[in-house]
Amino acid sequence: MTAGKSIIAMIGGRQDLDQFRKKSWVGTFEEYLDLVRETPAVTRNAFERVYDMVISYGTNVYEESRGVKRTHFKFFDDPDNGGRDAVFGLDETLESFVNALMSAAKGYGIEKRVLLLHGPVGSSKSTIARMMKRGLERYSTTDAGAVYTLGWVVEGNEDVLWCPMHEEPMHLVPERFRDDVLADLNAGKDDQDYKVRIVGELCPYCRFMYSERLKKHGGDWTKVIEDVRVKRITLSEQDRCGIGTFQPKDEKNQDSTELTGDINYRKIAEYGSDSDPRAFNFDGEFNVANRGIIEFIEVLKLDVAFLYDLLGASQEHKVKPKKFAQTDIDEVILGHTNEPEYRRLQNNEFMEALRDRTVKIDVPYVTKLSDEIKIYEKDYNSGKVKGKHIAPHTIEMAAMWAILTRLEPPNNASLTLLQKLKLYNGRTLPGFTEENIKEMKEEAVGEGLHGISPRYVQDKISNALVAHLDAKSINPFMVMNELEAGLKHHSLITSEELRAKYRELLGVVKEEYENIVKNEVQRAIAADEDALKRLCGNYIDNIKAYTQREKVRNKFTGQTEDPDERMMRSIEEKIDIPESRKDDFRREIMNYIGALMIDGKTFDYKANERLYRALQLKLFEDQKDTIKLTSLVSQVVDKDTQAKIDVVKSRLIRDFGYDDESANDVLHYVASIFARGDVKRK
């Protein structure tokens, strides 16, 4: 079999023809009524359908802090695209957004509003709108999200002229019969079941077709619907069906017909009048988006004439095409805008009507470090970045700087901005409770609505990847240098004072990185398991004797001696246990070991984080001089020392995710730090 045939056969074998037939269903109006009785949800309005689409992906409820529960909507993880457009760290915002959709779906009033996503540039507003549109497209292809429209059979053949606004077929039911029809369709349903509703009238085109056939059949409605066909449709922005997007252009070229359609001058000659709906193109964005979603990009940049259309579309669910009466629409109006445009709206008294019809949903920047890291790791990971290793903490340091630019200075003078970042990220600090953190967030009302955009950071990570062609890996300094260099020309930084502040925050990040890598190298040097066990055993023997007021047997001489106070303190001081608290700490360790023994468990020094860290630091202090790491600075390394350094390097690669080049870079960097420390001590 040729390659071409095998590919065609593979695709052919994976086709779902049954699903295609379902999505291509065409039937009579009578068959559609049977379908409605069986599955009433096919008649849902746009808000109900969009809300059900989001909920269909499932939710996770978790406790954000004591007494505060948060709902995570899995839809915004973008599972259908492998997380390509996933939104991180905005659960509170998305909860507000979905709650607005739910309120609108239940008819509580928000269905008469424009949903306005408001926030700084690069805060995921467009991503959320894009996901909503793509999600609705996919949902309409499923059985649960099926949508139907109507068309008119052409006399003399089986061609069908489909509704240009793909409206709900139930609009065919005359107003005076609707209550009885609904009573019949909803009979036997309880409050938990979905109930059919009929809202709206036929569009001008279908109204014309309906009237013509009503005359033809002498007013017999039952004959009229014999000329009607119903088909299932798939909502699609590409096919201009149920998904619309409007983007403001130059004010001189804006035309409201882009929203509500325009006359087809070629057909005027055929039909004799510019008020004949058959000579009108119902292809404005409002018409196209009927039954689904319309996205307004930078909605507040719209010309005032457009805003009048927007007001009617949101409040009355009607639009006014040229030469025709107001026409019913059924769609979610989703706009997004940035802070300067929104401030202009607030200051413009002529826009009061729009403000009153707007539900503002703030979409801030992420303020939690772990979420910001996820944003960058989505694009910069081993799967996407080929041929170049991203050293540990490279993404983390870039994300840390971005978060610091967005945080407001803490009111507590004893708390630094970096400590505030760590508290937001789940770290604990003495004297700060969950309640304190909650209060800090409530006080900082503008937090996340200013600062550096993720786009800027992504651009600079990209620059670092391509700027160092000879390097096999990129490290935090390469990225931080790019971040700093770009500040000179950053178009959104409006003052030298702000530029200086951002540079200062880069200095904070560099200092934090220095502490992190020093810690990692220390742990790598002290990663001798046998030595740690021996040191721990010696310490436990001594504190046991100390707390029980006993002697310790010297394994070398066989003589009993007092507990080695100097050795015990040398370990405890590594984790800042003061002299006054040493007895408490030693009893705490012994009680911990005793509790484990009662439960039949064996003591493992790694399980006690503070003790483990103290042992590592003590072992590092004892071993660093024998390894002579600072000899890397002078580049005079003897064979024995090089072998010891290679062992440390292999641990960095094995335990911390470095490659050979980045591990070597880190060892040289930390060696220079230690060398500076030695010089200072002298």
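Aromatic pairs come to 16 in a search of the whole structure. Rings of Phe, Tyr and Trp (its six-membered ring) pair if their centres lie within 6.5 Å; planes under 30 degrees apart count as stacked, over 60 as edge-to-face and the rest as tilted. This is a predicted model, where local features need pLDDT of at least 70, side-chain atom pairs count only at pLDDT 80 or more, and totals for chains, interfaces and linings use all residues. Residues are numbered from 1 along each chain as its sequence is written, and side-chain values use heavy atoms, with hydrogens and water left out.

Here are two of the pairs.

| Pair | Centre distance | Plane angle | Class |
|---|---|---|---|
| Phe-280 and Phe-282 | 4.7 Å | 55° | tilted |
| Phe-286 and Phe-296 | 5.7 Å | 55° | tilted |

The second pair links distant parts of the chain: Phe-286 belongs to helix α12 (residues 285-288) and Phe-296 to strand β11 (residues 293-297), 10 residues apart. Helices (H or I, at least four residues) and strands (E, at least two) are DSSP runs, numbered from the N terminus.

Elsewhere, ring pairs join Trp-25, Tyr-32 and Tyr-148 into a cluster.

Charges also meet rings here. The charged end of Lys-441 sits over the ring of Tyr-424, 5.1 Å from its centre, while Arg-586 lies over the face of Tyr-546, 4.6 Å from the ring centre. A charge sits over a ring if NZ of Lys or CZ of Arg is within 6 Å of the ring centre and within 35 degrees of the ring normal.
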